[in-house]
Amino acid sequence: MKTLSSMGLLFFPGIRALLYLQFLIENQWLPSVVVIQGENHLPQLLKKYPSSFWEQFRSYFDYQKDMDFYRREYGFETLQVSERDINSQELNSILCRRSEDHFIFSGGGIIRRELFRTGKTFIHTHPASLPSRRGSTCFYYDMLEGKSCAATTFVMRPELDEGNILAHKEFQVPRISPEWSDFYDLIFDPWMRAQVLALTLRNYVQTGSFLGRPQYPEDGHMHYIIHPILKNLAISKFLSD
Amino acid sequence: MTLYPYRHPAPFKSKLEYSYAPYQGGPLFDGYFAFREESCLFLSRFLQEKLAQDFLCLDALAQAEFLMFDKMINNSSCAKEFKLPNLSYTPSKKCFENLVPGSIFNTRDILVSLFCAHFGLIEHGGRFDVLLLKQIAKKLEVFQRLAPEYSLEFRAVQEKYDATICYALLGLLSLWQFREDGEFRHLNTCLKVGDLLSSIRDEKCLDLSSAILSWALLREEMADTQLLREGCSR
C-alpha cells in the first residue's frame, strides 16, 4: 500500500465515499487522512433494501465493508467532524491546519468560497461528460437519449461544475429488472464516479500533479433535477425483459 | 392507479421535492395522465364560462388550427386569435439594449416577445433570446416560481409569484425548444411548469389568456409524453 501523502479524502458518509475508498484501496493507495463529515447514515440505508438487492450488485459495491472495516484493516488516519455540511466552520479549521494539498470531495453541499480560501485543491467527479452536461442528475439525461453514461473528474472552482478536467470515461448502462431500479441512483452513479476518480489518481501518481485541460461553460448546458416522468422514461429504456 | 405525487399543495407557494424520485413505472404515467386530464377539465369548465362568443367556444378551440403549433409559425393572425395581453407591445429588444444596471423588466413582456419571435411575428433575437429563456427557465427550475419583475441581474423585484400567464408561456416556449432541438432539459422545465399549472384549482389565479395557454400546454405536453412513453415500450 502506498500512502498518498498530499491527498486527503473528505468522507461524506454514504455509498459514494465508501466506493471512493474501496477503489483507492483496490489500487493499493491510501489517503493521508480521511475526514468523516457527520454521522453515518449508511446502516439505515442498507436496511431500507433487502439483502438480495445488495447481493445482486455486490460486484459494484461490497456492502459488507464499511468505514470501520477499512479503518481496522488499513489503519489510516481519520478525523471526525460533527456536521455533514461541507462548509462547516469545524471542517474549514481542520483543513487550514492540515498539510495535504489536495482533498477528494464526496458530497455535503456546494463548496462556498470560504473553503476555497483554505488554499486546498478539491477534486470532484461529476456523473456526466463535462462541459456538455453540467448540473444535477445528468446521467439520467444520457440514459434518456439511450446513450452510454459518463463521469468526469475535475478540479473544483467556486463556479459550479467548472475547473480543469482531469479524466473522463464512458460506461455502458447495465440493464436491470424494475424492482432493482434504485440501483442507478444508489450504486451505478457512485460506481462510475469511483472508476474515473481511480483513473485520475493513476495519472496523478504517475506525474505527481493534476494535469488538466480547461473547460468552458459556454460549451455546455446546465441540467436541473430530472422530473420523475423523465426519470421513469430513462429507466424504462434500460429495463431487462 | 397511483395518485400522482407531484401536485403542488399550494401553487406558487409550495416547492415540490423532485430529488431521488422512485421508479414507479406504469402507475406513475397513469397517475400523471389522469391528473393532467383532470386539470384540463377544470380549465375547460373555466373557459366555457368565460368564452361567451360562439366562435371561441371550447370545442372550436380544440379543433382550431392555431392550437396546432407547428402550423402557427409565420401565421401572423395566431397571436390575435390567442388574445394574448400586450400583443401590441413593441418587442423589447431595443429596450434591453437601453437598460442600465438597476433597471427592471417585466417577465410577461419578455416571454410574450419570445413567444411572438417564435412565430415570426417579430424579429428573432437569436442568441439573446436563447439566453433570456435560459435565465427564466433557471429561475423556474431552481425556485419553482417566477417573479413578475426582475432586475437586469435577474433578481426578483417583489415576492409575488402568481402571474399564471408567465408559467404557461415559459412552459410552451420550453416545449417548443424541446421539439426543435430534442434536448430533454427543455421538456424537464415544461413538465415542472405543467405540475404547477395542473395544481391550480382557484379560478382567481386564472384569466382567459392564461387558461387558454395552460390548457394548450397541458394537452401538448401530454402528447409528447405519450409519444416518448410509446417509444420506450417498443
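Biologist: What does A:Arg58 form a salt bridge with, and how far apart are the closest N and O atoms?

Modeller: In this predicted model, A:Arg58 forms a salt bridge with A:Asp62, and the closest N and O atoms are 3.2 Å apart; the term stands for a side-chain nitrogen of Lys or Arg within 4 Å of a carboxyl oxygen of Asp or Glu. Local features need pLDDT of at least 70 and side-chain atom pairs count only at pLDDT 80 or more, while totals for chains, interfaces and linings use all residues; side-chain values use heavy atoms, with hydrogens and water left out, residues are numbered from 1 along each chain as its sequence is written, and chains are lettered from A and ligands numbered from 1 in the order in which they are written.

Biologist: Is A:Asp62 buried or exposed?

Modeller: A:Asp62 is buried, with a relative accessible area of 14%, whereas A:Arg58 counts as partly exposed at 30%. Buried means under 20% relative accessible area, exposed means over 50%, and partly exposed lies in between, with a 1.4 Å probe and protein chains only.

Biologist: And in chain B, which side chain does B:Lys160 meet in a salt bridge?

Modeller: B:Lys160 meets B:Asp162, at 3.2 Å from N to O; B:Asp162 is partly exposed at 37%, and B:Lys160 is partly exposed at 42%. Back in chain A, salt bridges that share partners join A:Glu55, A:Arg58, A:Asp62 and A:Lys65 into one network.

Biologist: Which parts of the chain does the pair of B:Glu38 and B:Arg201 link?

Modeller: The side chains of B:Glu38 and B:Arg201 meet in a salt bridge at 3.0 Å, N to O. This pair links distant parts of the chain, since B:Glu38 lies in helix α1 of chain B and B:Arg201 in the loop between α9 and α10 of chain B, 163 residues apart. Helices (H or I, at least four residues) and strands (E, at least two) are DSSP runs, numbered from the N terminus. B:Glu38 is partly exposed at 38%, and B:Arg201 is partly exposed at 35%.

Biologist: How much area do chain B and chain A bury between them?

Modeller: They bury about 2400 Å², 68% of it on carbon and sulfur atoms, where buried area is the accessible area (1.4 Å probe) that two parts lose on being put together, summed over both. In chain B, B:Tyr23, B:Phe184 and B:Arg185 lose the most area to chain A, together 31% of what that side buries. The contact, meaning heavy atoms within 4.5 Å, takes 29 residues from chain B and 23 residues from chain A.

Biologist: Switching to helix α4 of chain A, which residues are buried there?

Modeller: In α4(A), residues 67–74, the buried ones are A:Met67, A:Phe69 and A:Tyr70. The buried residues of α4(A) pack against β1 (2–11), α1 (15–26) and β2 (29–37) of chain A.

Biologist: What comes just after α4(A)?

Modeller: Just after α4(A), A:Gly75 takes a positive phi of about 60°.
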